[in-house]
Amino acid sequence: MRVSEAIGRVLVEGGVESFFGLAGSGNFAVLNALHEAGATFYSSRHETGAVMMADGYARASGKPGVASVHQGPGFTNSLTGLTEAAKARTPLVLLAADIPAGTLWSNFKVDQGSLATTLGAIPERVRSPDTAAADTARAMRRAQTERRPVVLNIPIDLVEKPCQEDSTEIPSWPSLDAPVPSEGSVASVVDLLASSRRPAIVAGRGAALAGARLEALGDRVGAVLATSAMGHGLFAGNPYSLGIAGGFSSSLAMKLLGEADVVLAFGASLNHWTVRHGGLFSPEARVVQVDLEAEAIGRVHRADIGVVGDAAGTAGAIVDELDRRGVGGEGFRTGGLEREISRGRTRDEPYEDLGTDEYVDPRTLTIALDDLLPEERTVCTDSGHFLGYPAMYLKVPDQRGFVFPNAFQSVGLGLASGIGAAIAQPERLTVAAVGDGGVLMALGELETAARYRLPMLVVVYNDAAYGAEVHHFGPMGRPVELARFPPTDFAALARAAGAEGITVRSEDDLSPVRDWLDIRDRPLVIDARVNPEIRAEWLAEAFRAH
Ligand SMILES: Cc1ncc(C[n+]2csc(CCOP(=O)(O)OP(=O)(O)O)c2C)c(N)n1
Ligand SMILES: [Mg+2]
């Protein structure tokens with residue numbers, strides 16, 4: 001067996017069904033080995049696209065993502081996606097070809113291990129033919145247990161070398177229990193809850209990844225439930241769910257979270273957006289932050305009690321201690337709160353429709369899509385001014401149904417991420433919500449989506465501008481013409497790439513979407529001409545950081 005075959009075998013026997021990448025001479029043998037071992041290959045048009053497809057696949061499926069790139073420029077092209085995956089703590093293995101172990105010079109030479117480290121990914125390498133299987137297995141294990149992308153560098157002079165028969169055994173490691181919180185920290189949380197009348201739970205992606213049963217804890221103490229943007233969907237369908245905490249909150253969510261006397265944050269960084277720059281919770285509220293990493297506690301927002309532990313184990317330990325002491329109650333959940341929450345959704349808040357003959361109001365567009373599209377969906381967003389509309393107005397069925405590649409706040413990642421999500425969850429409709437700037441940055445991947453005939457809906461919020469910059473600097477009286485562009489016809493671009501495309505200037509123009517939903521044999525791109533004058537309310541809040 002050759003090194004490439006050993007790598008393919010370890011990954012496929014480890015459960016890898018789909019992988020992403022872009023072929024070069026350096027990774028060709030690895031691509032073929034994975035393919036021959038039984039995994040399905042999806043070829044991107046740019047390496048950051050390949051990594052984001054693997055990242056979107058991982059987020060939507062809960063399984064690790066795998067991507068493969070050529071050495072040197074193939075690897076450096078992947079770096080923005082890799083950084084997003086590192087910051088979002090996505091378990092992912094990037095199989096990166098690398099220059100021959102024995103060479104001093106190559107055009108392709110960059111220090112791939114250092115670059116991986118700098119970006120927050122884990123550098124690993126295939127050390128020799130006889131360690132290739134073990135090195136690959138270790139890369140997968142580290143990606144999963146440490147919840148980070150691993151760059152497995154594979155020197156090209158090793159990849160076709162034979163491995164000794166007995167070296168391709170896949171090593172096994174003991175399974176690891178998640179870190180449990182100390183008894184003392186659990187006791188202090190329960191002390192707080194014993195005297196709390198209005199507890200709130202805010203859950204982030206860490207809580208979702210841990211599978212924490214926070215709704216049971218919420219029921220026990222009568223808490224209102226909210227998530228960070230990354231954790232969106234975690235409490236979908238719960239009558240006490242307030243949706244996203246922070247800049248994307250409804251006014252009711254802001255009011256109720258502001259009234260909380262105890263806030264329990266699980267696996268949420270409590271960053272500026274989630275806590276509205278510190279203004280979301282009352283200064284009197286006691287804040288408990290539960291995180292796997294001590295470093296995260298109090299890093300952005302004050303934490304009165306810090307608990308180092310896994311979100312699932314900590315929630316369970318708190319419930320056990322509440323049981324033991326007989327503490328619990330209806331907390332917030334009195335006086336028709338359930339009804340108030342059901343009437344206080346963001347999409348029911350009044351706004352003045354600013355559509356014209358030429359332009360649709362992005363709120364009206366998104367609410368109409370929410371009504372039109374099946375609820376079994378994965379919503380995936382790019383970054384930009386438009387971002388609040390899909391996050392605030394499109395319902396998602398659960399946390400895996402919301403893929404939010406915004407940990408690095410890079411524009412241009414949403415389309416590829418949506419492709420990965422569509423491949424991970426084919427029975428769900430994937431909606432990639434992108435800006436005109438973001439989709440043009442990743443335009444090659446429109447061809448990828450069409451080539452695989454993915455049943456995705458790509459909604460382009462087309463304001464012919466880098467709207468985030470226009471709405472940032474415009475109100476300050478600064479010139480913004482450098483961030484405006486002539487209109488781009490995305491419906492025509494979609495058709496040229498092999499997808500379907502429609503131009504939407506009003507809600508009524510959405511009727512072809514109904515027909516497409518019945519067939520869905522290729523992507524549909526909605527070129528939504530949104531009114532470029534509308535400045536999203538959430539943006540003013542977001543820009544307070546600058
Ligand atoms: C890679 C990258 N380049 C530049 C930026 C700065 N930036 C933030 S939002 C934005 C505008 C994106 O335009 P578009 O996708 O059309 O969305 P809009 O803001 O217009 O809704 C830019 C350029 C960024 N965040 N990431
Ligand atoms: Mg734009």
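The points below cover the overall build, the sheets and the ligand.

This is a predicted model, in which local features need pLDDT of at least 70, side-chain atom pairs count only at pLDDT 80 or more, and totals for chains, interfaces and linings use all residues. Residues are numbered from 1 along each chain as its sequence is written, chains are lettered from A and ligands numbered from 1 in the order in which they are written, and side-chain values use heavy atoms, with hydrogens and water left out.

**Overall build**

- The protein holds 22 helices and 18 strands; these are DSSP runs numbered from the N terminus, with at least four residues (H or I) for a helix and at least two (E) for a strand.
- The radius of gyration is 24 Å, close to the 24 Å that the globule rule gives for 546 residues, so the protein is as compact as a globular protein of that length. (The radius is taken over C-alpha atoms, and the rule is 2.2 Å times the number of residues to the power 0.38.)
- Along the principal axes, the C-alpha atoms fill a box of roughly 70 × 65 × 45 Å.

**A sheet in the order 2-1-3-4-6-5**

- This open sheet has 6 strands with parallel pairing; two strands pair if DSSP finds at least two bridges between them.
- Strand 2 (40-43) and strand 5 (122-125) are at the edges with a single partner strand each, so one side of each has no neighbour in the sheet.
- Strand 4 (residues 92-98) and strand 6 (residues 149-155) run parallel and are joined by 7 bridges, and Asp 98 has Pro 155 of strand 6 as its bridge partner.

**A sheet in the order 14-13-15-16-18-17**

- Here too, 6 strands form an open sheet with parallel pairing.
- Its edge strands, strand 14 (402-403) and strand 17 (500-504), each pair on one side only.
- Strand 15 (residues 429-435) and strand 16 (residues 456-462) run parallel, joined by 6 bridges; Val 434 has Val 460 of strand 16 as its bridge partner.

**Around ligand 1**

- Ligand 1 is surrounded by 16 residues, and the closest are His 385, Asp 436, Gly 437, Gly 438 and Gly 467; a residue is near if one of its heavy atoms lies within 4 Å.
- An oxygen atom of ligand 1 lies 2.7 Å from a backbone N or O atom of Gly 438, and an oxygen atom of the ligand is 2.8 Å from a polar backbone atom of Ala 468.
- Helix 17 (436-441) and helix 19 (467-473) are the elements that give two or more residues to this shell.

Note on methods:
A polar contact is a pair of N or O atoms within 3.5 Å; within protein, one must be able to donate a hydrogen and the other to accept it, and residues adjacent in sequence count only if both atoms are side-chain atoms.
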